[in-house]
Amino acid sequence: MSSEPLRSDPPPPSAETLDLLPGAILGTIFTKLDIPSICSLASTSKSFNSSASTILSFLPHFHLLDVAPSIGLLRPLLPANNPHLETLKLDCTRLDDSSLDCLLRPSLRHVSLHNCADFSGSLLSQLGIRCKLLRSLYLSSVADKRWRSMCVSDLEQLLTGCTQLETLSLMFDVSIFLRPNFARVWPLASAKITCLEIGYISSVMVTELLSPILGPQHSPSHMQFSILPNIQKLWLAVDYITDTMIGTISKSLVSLTHLDLRDAPIIEPSFTIDLTNSGLQLINPHGKLEHLSLIRSQEFVATYFKRVNDLGVLLMADRCASMESICLGGFCRVTDTGFKTILHSCSSLYKFKVTYGSQLTDLVFHDIDATSLALTHVSLRWCNLLTNLSFIRLASNRNLSVLDLRDCRNLGDSSLQAIGTLPKLKTLLLDGSDISCVGLSYLKENVMSSIVSLSVRGCKRLTDKCISILFDGYSSRELRELDLSNLPNLSDATVLLLAKSRVQLVELRMRQCPLIGDTSVMALASMQADDDSWRGSSLQLLDLFNCGGITPISFRWLNKPYFPRLRWLGVTGIVNRDLVDALARSRPFLHVSSRGEELGTNQWDNSDDMYMHDYEEVDELEQWLLDDDNENADEHMEDAADDVEN
C-alpha cells in the first residue's frame, strides 16, 4: 500500500479572514494559546508568523514537554529579550550545560526541567545564581550520564541562592553527594519550603538531613534549630524504610500532612534497617497527617514488611482517624483484622490502596456498607484471596472513579455486573483477571460512556468477540487509554472495529499479541478520529512490542505523515533493527522503544500533571521545528524499508 504523503487541503476562508485582523487583536489571541499552538499558527501565514515572533518576547509561561527540542530549535522560541517569562517547563533530553544561558533568567518563578541527563551540577548552581526568585523547582535525571559530575557545592549554591523556594523536587539519585556534606547544606535552605520530593536517597541520609542542629556554643540558650520546619508534604524513594527514619520524620516535621515513602531493597533487610510495629506507631504524633503511603517495591528482590503485623496497624490506626488517603504495599503479615481497622477508624477515607495483600480476604469488606466511607479511589493489586464477593460489596460505593484490581486472579464476570453500575467510574484496570465476554458486556450500558482508561491486559479468555461487544455500533466519547496486551486470541479484526468506531484513543497498548499485524497498523494510521477535528490518528502512544504479524510494511505506515501526534512507539527491534533506526532518525521527537520496556514517562518524570493543554496541533509544531530535515530523513526511511524487503 502506498505511503505517499497526504495532501493538505486549502485553508478555509476563515483562516484568510483571521489573517486580516489587526496586529493588536492577533496578539491578544496568541496570548491565550500554548506554545505548540503558537508554533502551529506561525507556520500558516506571514502575519501569524510575525505575531508569533512578537508574542514570544512577552509570554509569561513556556510549557513544552511533548517534544525534546535541541538548543538550535529552542533558541528562537525563548528569546533573550523576554523579561516577563515566569514559568518554564521543558523536556531537556537533547540539551546540556551549553543551554543554560538560553534557559535561565532572573524573572523565572517556576521551573520544571525533565530528563536532564546531559547536564552537570552546574545546572543546580546556576539556578541558584541566576534565578533567585524561584518558588517551585522540578529537576529530573540530573547528571545521569556517567561523565557528568555534581558536587555538594552545586546543591549549596542552589539552596542559598533560591531563598523564596516553596516546592523542591530533586528527582534523581542524591546519594552521589557525600553523606556528611549533604546534610550540612540543608540548614541553608529556605524556611518557606513546604513540599520536598527526592527521587532516591538513603534512609541514613534522611535521618542526618532532618536531625536538629545545635545553635552556636556562645548562644545563651544553646537551643536546637529544626531543619525544614514548615514541610507539609514529603515524598521520598529510599533504600530501606526504617523505624529510625520514621521516628526522625515524625519528630522533626511537625506540620506534615502528606507522607509518601517507597523503598526497593536489594537484599532482605535486617532488624536494624527495617520497619517494625514500633516504627509504625510513631507515625502522625501531631495528628495532622491526611495522606500516608508506605510501599515496598519488589523491583530487585521479593521482600516484604515481615516485621509488621496487625498489632502495628492497630496502634497506628489510633492516630489515623482523620486520614483521607492510605496506601500500603508489601505488608504480607497484616490480616483482615488490621485492614478492617483502618476502614472502620478512618471515616474521612476516600483513597484506599493495598498491594501484595497476601492475607487480605473477603472479610475485610463484609460489612463495608455499615461504614460512612465514600471511597473514590480503590486499588487492590496482587490480592489473590479476594473473590467476587469483595468487589460486589465495593461497588456499593457509588462515587468510585478509580478501581485498580490488577492481578486479582479470582475476579470474574459477576464482579463486572456490579462494577458496570458505577456511574462515575473513570479508570478500570482488570489485568490478569478471570473475566469473559459476558463480563465485559455488563460494562457497555453505563460504564463505557464515562470510562477514560480501561485495561484488560492478560485476561486470557477474551477474544475479538469480547472486545467487539464494547465498541460495535457504539463510540465511547471519553475513552483515551486502552490496554489489550497479552491477549493471545486478539486479532486485527478488533483493531479494524476500533478504527471504524472512531474512538479517540490517546494510548493503545497491544504488546505480546501474536495475531496483531500490518492490517492493524494500516487501520490505525488511516482512521479519522473526529469529523470536526484533526484528520488522522489521535494516538500519542502505541505499543506493538512482540506482536507476531508486524513486518516491514508496518514501518512504512509508521513514518510521516501517518500518526502525526505519536510520541511513544514500542516495536520489536531484533527482527527489524535497520527499520527501527531509520524510523528514529526520520522522527527525532518520537521515543522508539525496541527492548520491551513499558512506554511512557521515565522513572522520575511521573508527577507533573499540573499543566494540561490541547495536543491537537503537536504535529505542526514538529513540522515547524524540523522544516528543513524532513526530506532527507524520509529518504533514509524509504531506503531502509527497501533494503529489508530486498
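Visitor: Which loop holds Asn115?

Guide: This is a predicted model. Strand E3 covers residues 110–114 and helix H7 covers 122–130. Asn115 falls in the loop between strand E3 and helix H7.

Visitor: Is Asn115 buried or exposed?

Guide: Asn115 has a positive phi of about 60° although it is not a glycine. Its relative accessibility is 18%. Buried means under 20%. Asn115 therefore counts as buried.

Visitor: Arg502 has a positive phi too; what is its value?

Guide: Arg502 sits in the loop between helix H19 (492–501) and strand E19 (507–509). Arg502 is not a glycine either. Its phi is about 60°.

Visitor: Which residues does a cis peptide bond join, with omega about 5°?

Guide: Look at the loop between helix H21 (552–558) and strand E21 (568–570). Pro561 has its place there. The cis bond joins Lys560 and Pro561.

Visitor: Where is Ser57, and is it buried or exposed?

Guide: Ser57 lies in the loop between helix H4 (46–55) and strand E1 (61–64). Its relative accessible area is 12%. The cut-off for buried is under 20%. Ser57 is therefore buried.

Visitor: How many Å separate Pro423 and Leu400, C-alpha to C-alpha?

Guide: Pro423 is in the loop between helix H16 (413–419) and strand E16 (427–429). In sequence, Pro423 and Leu400 are 23 residues apart. In space, the C-alpha atoms are 8.3 Å apart.

Visitor: What is the relative accessibility of Pro423?

Guide: Leaving out residues up to four places away in sequence, Pro423 touches Arg398 and Ser450. Exposed would need over 50%. Pro423 counts as partly exposed, at 49%.

Visitor: Which residues of helix H14 are buried?

Guide: Helix H14 runs over residues 336–345. Cover for its buried residues includes helix H13 (310–317), strand E12 (325–329) and strand E13 (351–355). The buried residues are Asp336, Gly338, Phe339, Thr341, Ile342 and Leu343.

Visitor: What percentage of the protein's residues count as buried?

Guide: The protein has 24 helices and 22 strands. It exposes about 27800 Å², and carbon and sulfur atoms supply 52% of that area. Of its 646 residues, the buried share is 54%.

Visitor: What is Leu380 in contact with, beyond its neighbours within four places in sequence?

Guide: Leu380 is one of the core residues with the most contacts inside the core. Its partners include Asp404, Arg406 and Cys408. Also among them are Phe352, Phe365 and Phe391.

Visitor: How many cavities of 30 Å³ or more does the structure hold, and what is the volume of the largest?

Guide: Rolling a probe the size of a water molecule over the atoms shows where empty space is left. The search of the whole structure finds four such cavities.

Visitor: How many residues lining the largest cavity are charged?

Guide: The lining includes Ile249, Ser250, His286 and Lys288. It divides into eight nonpolar and three polar residues, and the charged count is one.

Visitor: Which elements each supply at least two residues to the lining of the second largest cavity?

Guide: This cavity holds about 40 Å³ of space. Its lining has eight nonpolar residues, no polar and no charged. Leu196, Val206 and Leu234 are among them. The elements are strand E6 (195–201), helix H10 (203–210) and strand E9 (233–238).

Methods: Residues are numbered from 1 along each chain as its sequence is written. This is a predicted model: local features need pLDDT of at least 70, side-chain atom pairs count only at pLDDT 80 or more; totals for chains, interfaces and linings use all residues. Side-chain values use heavy atoms; hydrogens and water are left out. On a 1 Å grid over the protein atoms alone, a cavity is a set of points where a 1.4 Å probe fits but cannot get out, and a pocket is an open set with protein on both sides within 12 Å along at least five of seven lines; lining residues have an atom within 4 Å of a point. Grid points are joined across faces, edges and corners, and a volume is the space filled by probe spheres set on the points. Ala, Val, Leu, Ile, Met, Phe, Trp, Tyr, Cys and Pro count as nonpolar, Asp, Glu, Lys and Arg as charged, and the others, Gly among them, as polar. Helices (H or I, at least four residues) and strands (E, at least two) are DSSP runs, numbered from the N terminus. Buried means under 20% relative accessible area, exposed over 50%, partly exposed in between (1.4 Å probe, protein chains only). Accessible areas come from the Shrake-Rupley method with a 1.4 Å probe; for residues, only the protein chains shown count as cover. A nonpolar core is a set of buried Ala, Val, Leu, Ile, Met, Phe, Trp, Tyr and Cys residues joined through side-chain atoms within 4.5 Å. Contact means heavy atoms within 4.5 Å.
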